[in-house]
Amino acid sequence: MTLSTRPDLNSNPQDLSFISTQQQPKVTEAEMMQAVRKLLIGLGENPDREGLQNTPKRVVKALQFLTKGYHESLDELLNGAVFTENANEMVLVRDIDIFSSCEHHILPIIGRAHVAYIPNGKVIGLSKIARICEMYARRLQVQERLTVQIADALQGLLKPHGVAVVVEATHMCMVMRGVQKPGSWTVTSAMRGVFSEDARTREEFMNLIRHKAYFG
Ligand SMILES: Nc1nc2c(ncn2[C@@H]2O[C@H](COP(=O)(O)OP(=O)(O)OP(=O)(O)O)[C@@H](O)[C@H]2O)c(=O)[nH]1
Ligand SMILES: [Zn+2]
């Protein structure tokens with residue numbers, strides 16, 4: 001097995017130290033397209049027929065988009081939007097759309113994330129919470145790791161009193177193939193600080209994400 005030259009692909013997924021990695025992969029786009037062409041032939045298709053002529057190019061472009069989070073970093077997406085603020089009540093951004101790809105089948109994971117924290121002298125620009133979710137979702141993932149990465153990123157950036165993340169998602173590898181269970185949802189959570197220590201705080205968060213949103 002050839003290991004990637006990109007440390008972010010080989011490292012422990014819990015380890016956030018690789019997040020600024022901007023190294024380019026060694027495989028060229030032409031080689032990637034060639035691989036897709038082979039895949040089409042293996043599937044019994046004719047890659048030269050009109051409808052498939054540009055498919056290798058499209059597939060590579062689409063996969064690059066779906067994994068663009070490998071080339072993003074917390075530093076860049078934050079753009080300095082962490083502010084000193086004397087706030088100490090729960091901040092919750094809920095119903096953040098998640099479009100990720102499972103690392104076992106490279107099929108879509110579609111769902112939403114709910115992210116809360118209790119500030120401890122610092123708040124983060126609200127959109128940046130969604131951007132953090134987006135950065136980690138746009139990688140090959142398992143839902144559990146995605147959930148933990150979002151929680152640990154916020155915990156590391158803000159050192160808040162606590163962070164709570166719940167991700168609810170449906171996995172196309174369980175819907176369209178394999179066990180074929182449409183309608184199944186997986187719920188994962190990561191609780192840090194007071195959300196893990198105090199049942200009432202956790203309950204307040206769970207109640208807030210349970211009630212029907214006014215918008216949406
Ligand atoms: N824990 C976890 N498992 C996942 C996630 N996405 C996909 N999987 C599972 O990864 C497992 C891979 O199992 P394998 O037996 O190696 O692969 P498979 O033969 O394609 O498995 P089936 O999906 O059962 O047909 C499956 O059980 C998937 O449901 C995820 O985000 N988290
Ligand atoms: Zn899968």
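Helix axes here are lines fitted to C-alpha atoms over the stretch in contact, and the angle between two of them runs from 0 to 180 degrees between N-to-C directions. Keep in mind, as you look around, that this is a predicted model.

**First stop: two helices**

Select residues 29-42, helix α2, and then residues 55-66, helix α3. Their axes lie 8 Å apart, and the helices pack at an angle of about 115 degrees. Turn the view until one lies over the other: α2 passes α3 in a right-handed crossing.

Now show the side chains where they touch. From α2, pick Glu29, Met32, Met33, Val36, Arg37 and Leu40. Facing them from α3 are Thr55, Pro56, Lys57, Val59, Val60 and Gln64.

**Second stop: ligand 1**

Next, centre on ligand 1. Which residues surround ligand 1? Select Cys102, His104, His105, Val142, Gln143, Glu144, His171, Cys173, Met174, Arg177 and Gly178. This shell divides into 4 nonpolar, 5 polar and 2 charged residues.

- His104: one of its polar side-chain atoms is 3.0 Å from an oxygen atom of ligand 1.
- Glu144: an N or O atom of its side chain lies 2.7 Å from a nitrogen atom of the ligand.
- His171: here the distance from a side-chain N or O atom to a nitrogen atom of ligand 1 is 3.2 Å.

On its own, ligand 1 has 630 Å² of accessible area, and the protein covers 50% of that. To see which elements give two or more residues to the shell, highlight α6 (143-158) and α7 (172-175).

Technical notes:
Residues are numbered from 1 along each chain as its sequence is written. Chains are lettered from A and ligands numbered from 1 in the order in which they are written. This is a predicted model: local features need pLDDT of at least 70, side-chain atom pairs count only at pLDDT 80 or more; totals for chains, interfaces and linings use all residues. Side-chain values use heavy atoms; hydrogens and water are left out. Helices (H or I, at least four residues) and strands (E, at least two) are DSSP runs, numbered from the N terminus. A crossing is left-handed if the near helix is turned anticlockwise from the far one by less than a right angle, and right-handed if clockwise. Contact means heavy atoms within 4.5 Å. A residue is near a molecule or strand if one of its heavy atoms lies within 4 Å of it. A polar contact is a pair of N or O atoms within 3.5 Å; within protein, one must be able to donate a hydrogen and the other to accept it, and residues adjacent in sequence count only if both atoms are side-chain atoms. Accessible areas come from the Shrake-Rupley method with a 1.4 Å probe; for residues, only the protein chains shown count as cover. Ala, Val, Leu, Ile, Met, Phe, Trp, Tyr, Cys and Pro count as nonpolar, Asp, Glu, Lys and Arg as charged, and the others, Gly among them, as polar.
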